[in-house]
Amino acid sequence: MMQTRTIYVTLALVGAALSTAAAATPALAAPSAAPAATAPSPVCPTGWGSLAKSATAGTATTTPVRDIRTGRHDCYDRMVVDLPGTGGGSAGAVGYTVRYVDRLYQDGSGTHIPVTGGAVLEVRVAAPSYAPETGEPTYPARAGQPLPGVNPAGYRTFRDTRFAASFEGDTQIGLGVRARLPFRVLQLQDRLVIDVAHSWTGAR
């Protein structure tokens, strides 16, 4: 009987010791969550400048303008002149001149065409907006009116667009922008691209 009581006492003492050790063991901290990754802000190009840009390598083309459209991007607003059939590339498929002007005057008549904005870019493309063989318009724009289907509302840089004229094989467009900002001109496959930056600093 005494041996049985001794076994019970020994088991009780061992249980108490184990409980004390467990209580004294510090709790392990839960692993902290990794910080959420943030997407890097886009680095906007700089160095375009605001001086006039032109190309005469392609000179004039009889391939007419088919459409003019615009789009918004992180660093700039874009205008695209569609010229299907002209090719494109660094050699230049069509001549152009893009420059800031104080006021936009229509080719031929010299009529002043008001353009809204802090500055006005005159875009001249050495391509007609009509079929040379028939004189039928290939781009449904009217002199002095906004470009068809283009609405610059909500753009960071663009404020207004105006069709000036298609005179002696050239198409003339007025682009109203927020201020005199840097811009570039690209010759791409079957289109001419004009990008106007949102700022001078490269910020979005």
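So, is Arg184 buried, exposed or partly exposed? Arg184 comes out as partly exposed, with a relative accessible area of 22%. The cut-offs here: buried is under 20% relative accessible area, exposed is over 50%, and partly exposed is in between, with a 1.4 Å probe and protein chains only.

Before I go on, some housekeeping. This is a predicted model, so local features need a pLDDT of at least 70 and side-chain atom pairs count only at pLDDT 80 or more, while totals for chains, interfaces and linings use all residues. Residues are numbered from 1 along each chain as its sequence is written, and side-chain values use heavy atoms, with hydrogens and water left out.

Okay, back to Arg184. Its side chain meets that of Asp195 in a salt bridge, 2.8 Å from N to O. By salt bridge I mean a side-chain nitrogen of Lys or Arg within 4 Å of a carboxyl oxygen of Asp or Glu. Arg184 sits in strand β10 and Asp195 in strand β11, so this pair ties together parts that are eleven residues apart in sequence. Asp195 is buried, at a relative accessible area of 0%.

A word on those strand names: helices (H or I, at least four residues) and strands (E, at least two) are DSSP runs, numbered from the N terminus. And two strands pair if DSSP finds at least two bridges between them. β10 and β11 run antiparallel and are joined by six bridges, with Arg184 standing opposite Asp195. If you look at β10 on its own, Phe183, Val185 and Gln187 make up the covered face, whereas Arg184, Leu186 and Leu188 make up the uncovered one.

Now the turn. How many residues lie between the strands in the hairpin of β10 and β11? There are two, and Asp190 takes a positive phi near 65°. That's a positive value in a residue other than glycine. Asp190 is partly exposed, with a relative accessible area of 23%. Glu168 also has a positive phi without being glycine, near 50°. You'll find Glu168 in the loop between β8 and β9, and it is exposed, at 68% relative accessible area.

Let's move to the sheet. Five strands form an open sheet, ordered β1-β4-β7-β9-β8, with antiparallel pairing. At the edges are β1 (53-55) and β8, each pairing on one side only. At the β1 end, three bridges join β1 to β4, and Lys53 stands opposite Val98.

What about the inside? The largest nonpolar core has 31 residues, and Val81, Ile194 and Val196 touch the most other members. A nonpolar core, here, is a set of buried Ala, Val, Leu, Ile, Met, Phe, Trp, Tyr and Cys residues joined through side-chain atoms within 4.5 Å. Elements giving two or more residues to this core include β3 (76-82), β10 (183-188) and β11 (191-197). β7 gives the most, with four residues. Apart from it lies another core, this one of six residues, among them Val101, Leu104, Val115 and Val120.

Take Val81 as an example. Leaving aside neighbours within four places in sequence, its contacts (heavy atoms within 4.5 Å) include Val65, Ile68, Val125, Ile173 and Ile194.

Next, the other charged pairs. How many salt bridges does a search of the whole structure find? Seven. One of them joins Asp82 and Arg69, with the closest N and O atoms 2.7 Å apart. Asp82 is in strand β3 and Arg69 in strand β2 (residues 67-72), 13 residues apart. Asp82 counts as buried at 13% relative accessibility, while Arg69 is partly exposed at 37%.

Another salt bridge brings Glu122 and Arg124 together at 3.2 Å, N to O. Glu122 is buried, at 3%, and Arg124 is partly exposed, at 22%.

Last one: Gln106. Where does it sit? In the loop between β5 (104-105) and β6 (112-113). Gln106 is buried, with a relative accessible area of 17%. Its side chain reaches the backbone oxygen of Ala164 at 2.8 Å. Not counting residues up to four places away in sequence, Gln106 touches Thr111, Ile113, Ala143, Ala164, Ala165 and Gln172.

Notes
A polar contact is a pair of N or O atoms within 3.5 Å; within protein, one must be able to donate a hydrogen and the other to accept it, and residues adjacent in sequence count only if both atoms are side-chain atoms.
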